[in-house]
Amino acid sequence: MTDPHPTLRRFLTRQAGPIDPNLVFLIEDIASACRAIGNALRNAAFEGTQGHAGAVNVQGEDQKTLDLIADDIIARSCENSPDLAALVSEEREAAHWLKSPEAGDYLLFYDPLDGSSNIDVNLSVGSIFSVTQVAAEGDTDVLKPGTAQRCAAYALYGPTMMFVLSLGHGVYGFSCEYGTGDFRLTHARMRIPEETGEFAINASRQRFWTAPIRAYVADCLAGEDGPRGRDFNMRWTASMVADVHRILTRGGIFLYPADADNHGAGGKLRLLYEANPMAFLIEQAGGAATLGTGRILDLAPEGHHQRVPVVLGSAQEVARLADYHTP
Ligand code: AHG
Ligand code: MN
Ligand code: MN
């Protein structure tokens with residue numbers, strides 16, 4: 001009888017279609033790193049690692065000790081992966097080259113710990129990954145659009161640790177089995193419901209919002225009596241991985257727009273480590289991901305740590321939000 005919950009390795013080698021074996025090794029190294037980060041998170045209170053590292057990253061954000069631990073775990077777990085040419089991390093100023101790049105080599109982008117403000121309060125956090133390939137020998141340009149992604153994934157350190165992956169042919173979720181530590185398939189071909197009655201936005205920023213965001217949220221809040229003619233629910237976890245996972249599971253729309261406060265920076269979320277991989281996963285699950293209007297995956301990056309506005313989730317709702325931008 002076929003195992004209804006094949007391991008990640010079995011899925012990659014027998015069920016996911018033809019894949020370069022070196023990409024399989026890289027994905028397995030990423031998954032191993034996530035297991036190790038999960039352990040570091042579980043033991044953080046004993047090891048005194050829950051607090052601030054006392055350092056600031058290149059983007060001017062305070063680093064948590066676990067941001068740095070997770071970054072180090074991923075680098076050590078993946079740096080010997082065959083054909084991996086460079087690591088590009090949210091927590092590091094520049095790309096870390098492991099070899100001189102050859103055509104087809106892999107580039108790994110990652111947000112080692114996403115939602116790290118949730119660590120102290122023991123709520124869900126995650127890690128986000130994106131893989132592209134070197135175009136030609138000697139090509140050290142890592143600034144490729146999201147359409148160039150070969151695969152994207154995230155780990156969610158929640159009540160169940162999960163690894164959610166897309167190689168461009170649908171989205172597959174693997175749960176970490178207690179005892180063996182194996183990631184085993186539990187969520188095949190994840191699909192986002194097209195319609196939704198749930199939105200996610202940090203409402204404390206309302207005074208900074210642009211007119212279209214303000215109008216969209218006001219119409220949702222007006223509920224049954226307003227122009228939408230239905231009641232909406234609202235959720236915000238302050239961990240993009242957790243919010244995206246909820247949307248992949250039961251639908252919804254997630255907004256982190258550019259506003260009057262973050263406008264100079266371009267938004268809050270990072271294109272290469274957050275917006276692109278999540279947009280890839282959301283589109284692969286039948287949803288949509290935009291900057292408010294244009295598609296995230298089509299944007300040509302201008303810098304490693306570039307920030308962008310992000311609107312993603314159920315396709316109909318993302319399209320409706322874009323309509324609010326049309327005068
Ligand atoms: P990170 O912990 O990697 O810096 O990312 C935090 C991000 C994202 O996970 C989340 O959606 C958002 O920042 C939360 O922002 P607010 O603090 O404005 O809620
Ligand atoms: Mn993040
Ligand atoms: Mn982070």
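Start by selecting Asp 111, which is buried, with a relative accessible area of 0% (buried means under 20%, exposed over 50%, partly exposed in between, using a 1.4 Å probe and protein chains only). Before moving on: this is a predicted model, where local features need pLDDT of at least 70, side-chain atom pairs count only at pLDDT 80 or more, and totals for chains, interfaces and linings use all residues. Residues are numbered from 1 along each chain as its sequence is written, chains are lettered from A and ligands numbered from 1 in the order in which they are written, and side-chain values use heavy atoms, with hydrogens and water left out.

Now zoom in on ligand 3. Its protein donors are Glu 90 (OE), Asp 111 (OD) and Leu 113 (O), at 2.2 to 2.4 Å. Donors here are N, O and S atoms within 2.8 Å of the metal (3.2 Å for Na, K and Ca), and water is not among the atoms, so sites may look incomplete. Along the sequence, the donor residues of ligand 3 follow the spacing E-x20-D-x1-L. Click on Leu 113 too: at 2% relative accessibility, Leu 113 is also buried.

Next, select ligand 1. Which of the 18 residues around it come nearest? Look for Asp 114, Gly 115, Trp 236, Met 240 and Tyr 256 (a residue is near if one of its heavy atoms lies within 4 Å).

- 2.8 Å to a backbone N or O atom of Gly 115
- 3.0 Å to a side-chain N or O atom of Asn 202
- 3.4 Å to a side-chain N or O atom of Glu 90

The protein covers 86% of the 470 Å² of accessible area that ligand 1 has on its own (Shrake-Rupley method, 1.4 Å probe). Color strand 5 (106-114) as well; strand 5 gives the most to the shell around ligand 1, with three residues (strands are DSSP E runs of at least two residues, helices H or I runs of at least four, numbered from the N terminus).

Last stop: the largest nonpolar core, with 46 residues, where Leu 108, Phe 163 and Leu 165 touch the most other members. Such a core is a set of buried Ala, Val, Leu, Ile, Met, Phe, Trp, Tyr and Cys residues joined through side-chain atoms within 4.5 Å. Helix 2 (residues 21-42) is its top contributor, with eleven residues.

Conventions:
Polar contact = N/O pair within 3.5 Å; in protein donor to acceptor, adjacent residues only side chain to side chain.
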